[in-house]
Amino acid sequence: MTLKPQEKESIEHEIILKTSADTEKFGIQLGSMALPGDVICLDGELGAGKTTLTQGIAKGLAVDPACYVTSPSFSILHEYPGRIPLYHMDFYRLNSSLEVEELGFEEYFYMSGLTVIEWSEKATEILPVDRLALHIRITADNVRLVCCTYVAEKWRNRLLNRENVQKNQKNK
Ligand SMILES: Nc1ncnc2c1ncn2[C@@H]1O[C@H](COP(=O)(O)OP(=O)(O)OP(=O)(O)O)[C@@H](O)[C@H]1O
Ligand SMILES: [Mg+2]
């Protein structure tokens with residue numbers, strides 16, 4: 001029997017980020033490998049490092065360094081031009097998937113850029129199945145433990161090859 005994507009077992013693996021620089025480096029790797037239509041969801045407590053990771057992603061996408069990437073908590077969505085556009089969303093102040101639908105954000109998931117969503121758990125119903133979900137936990141020794149969950153095979157390969165992806169970008 002062939003399983004529909006949403007029926008597939010999701011796959012998890014864990015990444016340890018010891019410093020902010022590690023978080024940024026992981027973000028750069030994700031940004032370097034991003035393709036149009038990718039969606040990355042970032043969840044975890046206040047101060048977990050979601051925006052730090054997004055700043056790295058912006059670097060990896062070659063967003064102009066003059067564009068300082070901040071949490072779009074009040075405006076909910078910031079768009080930055082890069083190798084492909086970065087749509088940075090923050091659902092912290094939203095209460096339901098319905099609000100996201102009403103704001104018309106869903107259509108960004110299927111556009112030509114990379115969508116990064118902080119606090120995506122506020123609107124899980126409308127998130128695409130093949131997203132990369134990163135849940136960041138702060139451990140007792142202030143290290144970040146990132147649980148990566150995905151159903152799409154593309155993310156497994158990319159996460160395993162991420163060091164190479166970054167090297168290839170540097171060699172261009
Ligand atoms: N791996 C890490 N180890 C230690 N500190 C880190 C790490 N990654 C990020 N930080 C630090 O955590 C702090 C909070 O980060 P950030 O603002 O990115 O969190 P956030 O998850 O976006 O928070 P919010 O939910 O309020 O938007 C920053 O000072 C950042 O330097
Ligand atoms: Mg933030």
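# Exercises on a predicted fold

Trp119 is buried, because 20 other C-beta atoms lie within 10 Å of its own. (Buried stands for 20 or more such neighbours within 10 Å, exposed for 12 or fewer and partly exposed for anything in between, with C-beta atoms placed from the backbone.) The model is predicted, so local features need a pLDDT of at least 70 and side-chain atom pairs count only at pLDDT 80 or more, while totals for chains, interfaces and linings use all residues. Residues are numbered from 1 along each chain as its sequence is written, while chains are lettered from A and ligands numbered from 1 in the order of writing.

**Exercise 1. Find out how many helices and strands the chain has, and in what order its elements run.**

Step 1. Count the elements: there are 5 helices and 7 strands.

Step 2. Walk along from the N terminus, and the elements read β-α-β-α-β-β-α-β-β-β-α-α.

Step 3. Look at the chain as a whole. Of its 172 residues, 37% are buried. Among contacts between residues at least 6 apart in sequence, 69% join residues at least 24 apart. (A contact needs two C-beta atoms, placed from the backbone, within 7 Å.)

**Exercise 2. Describe how helices H1 and H2 lie against each other.**

Step 1. Locate them: H1 covers residues 20–33 and H2 covers residues 50–60.

Step 2. Follow their axes, which come within 6 Å and cross at roughly 45°. (An axis is a line fitted to C-alpha atoms, for helices over the stretch in contact, and the angle between N-to-C directions runs from 0 to 180 degrees.)

Step 3. Classify the angle: H1 and H2 are therefore oblique to each other. (Under 35 degrees would be roughly parallel, over 145 roughly antiparallel and 65 to 115 roughly perpendicular; the rest is oblique.)

Step 4. Look for the residues that meet. On the H1 side they include Phe26, Ile28 and Leu30, and on the H2 side they include Leu53, Ile57 and Ala58.

**Exercise 3. Decide how well H2 is covered, and by what.**

Step 1. Check burial: 10 of the 11 residues of H2 are buried, so the helix is mostly covered. Among them are Lys50, Thr54, Gln55 and Gly60.

**Exercise 4. Find the largest nonpolar core and the residues with the most contacts inside it.**

Step 1. The core holds 35 residues, and Ile40, Leu42, Leu86 and Leu134 have the most contacts within it. (Such a core joins buried Ala, Val, Leu, Ile, Met, Phe, Trp, Tyr and Cys residues through C-beta atoms within 7 Å.)

Step 2. Ask where its residues come from: H1, S2 (39–43), H2, S4 (86–90), S5 (114–118), S6 (132–138) and S7 (144–150) each give at least two.

Step 3. Zoom in on Leu86. Apart from neighbours within four places in sequence, its contacts are Ile57, Ala58, Leu61, Val63, Tyr80, Gly113, Leu114 and Val116.

**Exercise 5. Which loops hold Ala62 and Trp119, and what phi does each residue take?**

Step 1. Ala62 is in the loop between H2 and S3, and Trp119 in the loop between S5 and S6.

Step 2. Most residues other than glycine have a negative phi. Ala62, although not a glycine, has a positive phi of about 60°, and Trp119 also has a positive phi, near 60°.

Step 3. Ala62 counts as partly exposed because it has 15 C-beta neighbours inside 10 Å.

**Exercise 6. Is Asp90 buried or exposed, and what does it touch?**

Step 1. Asp90 sits in strand S4. The residue is buried because 25 other C-beta atoms lie within 10 Å.

Step 2. Leaving out residues up to four places away, Asp90 touches Ser71, Pro72, Ser73, Ile76, Glu118 and Trp119.

**Exercise 7. Is Arg144 buried or exposed, and what does it touch?**

Step 1. Arg144 belongs to strand S7. Its 22 C-beta neighbours inside 10 Å are why Arg144 counts as buried.

Step 2. Beyond residues up to four places away in sequence, Arg144 touches Leu17, Thr23, Ala48, Gly49, Ile136 and Ile138. Arg144 and Ala48 are 96 residues apart along the chain, yet their C-alpha atoms are separated by 7.2 Å.

Conventions: Helix = DSSP H or I, 4+ residues; strand = E, 2+ residues; numbered from the N terminus.
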